[in-house]
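Please look through the sequence and the model shown below before reading on. The report that follows takes up one residue, then its surroundings, and then the wider arrangement of the chain.

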Amino acid sequence: MAESSSARRPVPLIESELYFLIARYLSAGPCRRAAQVLVQELEQYQLLPKRLDWEGNEHNRSYEELVLSNKHVAPDHLLQICQRIGPMLDKEIPPSISRVTSLLGAGRQSLLRTAKGTLI
């Protein structure tokens, strides 16, 4: 059964932006149909970042409106972010094996590692 819009929890901005970046990434690769379905659901469930007007009121935006208002965000923006995270973290908290970077790493190779240990 579908959730009613009033029962839906508000989506944090970072989560909303991540959905947008995933759709943007998929739209330029081989998974264009998946991107189309994702965009439809993001719009249907109002999961995209909202626009604030000059009075501070929120307004829903379509995926295309978001693309047009964020021309600086290339389709590979999410990939670029992922490529930069590992080297930045490695400088702060060295991994157990250098030059091995994976988004799927575990323990001391995890991108979720902290100075006190790992989150996963």
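Arg 113 is found in strand 3, where strands are DSSP runs of E with at least two residues and helices are runs of H or I with at least four, both numbered from the N terminus. With a relative accessible area of 4%, Arg 113 is buried, a word that stands for under 20% relative accessible area, while exposed stands for over 50% and partly exposed for what lies in between, with a 1.4 Å probe and protein chains only.

The model is a predicted one, in which local features need pLDDT of at least 70 and side-chain atom pairs count only at pLDDT 80 or more, whereas totals for chains, interfaces and linings use all residues. Residues are numbered from 1 along each chain as its sequence is written, and side-chain values use heavy atoms, with hydrogens and water left out.

## Salt bridges

Side chains of opposite charge can pair when their charged atoms come close. The structure holds two salt bridges, each being a side-chain nitrogen of Lys or Arg within 4 Å of a carboxyl oxygen of Asp or Glu. In one of them the side chains of Arg 113 and Asp 90 meet at 2.5 Å, N to O; this pair links distant parts of the chain, since Arg 113 belongs to strand 3 and Asp 90 to helix 4, 23 residues apart. Asp 90 counts as partly exposed, at 23% relative accessibility.

The side chain of Arg 113 also reaches the backbone oxygen of Ser 110 at 2.9 Å. Elsewhere, Arg 9 forms a salt bridge with Glu 15, and the closest N and O atoms of that pair are 3.1 Å apart. Glu 15 counts as partly exposed, because its relative accessibility is 23%.

Helix 4 covers residues 77-92, and its 16 residues should span 22 Å at 1.5 Å a residue, which agrees with the 23 Å between its end C-alpha atoms; the expected span is 1.5 Å times one less than the number of residues. Which residues of helix 4 are buried? They are Leu 78, Gly 86 and Leu 89, and the buried residues of this helix pack against helix 1 (13-27) and strand 3 (113-114).

The loop between helix 4 and strand 3 contains Leu 104, which is exposed, with a relative accessible area of 77%. Leu 104 and Leu 48 are 56 residues apart in sequence, and their C-alpha atoms are 26 Å apart in space.

The domain assignment gives domain 1 (10-73) and domain 2 (76-115), with bounds that come from an automatic or database domain assignment. The C-alpha centres of domain 1 and domain 2 lie 26 Å apart. Six residues of domain 1 are in contact with five residues of domain 2, where contact means heavy atoms within 4.5 Å.

About 430 Å² is buried between domain 1 and domain 2, and carbon and sulfur atoms give 87% of this area; buried area is the accessible area (1.4 Å probe) that two parts lose on being put together, summed over both. In domain 1, Leu 21, Tyr 25 and Val 73 lose the most area to domain 2, together 77% of what that side buries. Across the interface of domain 1 and domain 2, the rule finds zero salt bridges.

Definitions and conventions:
Polar contact = N/O pair within 3.5 Å; in protein donor to acceptor, adjacent residues only side chain to side chain.
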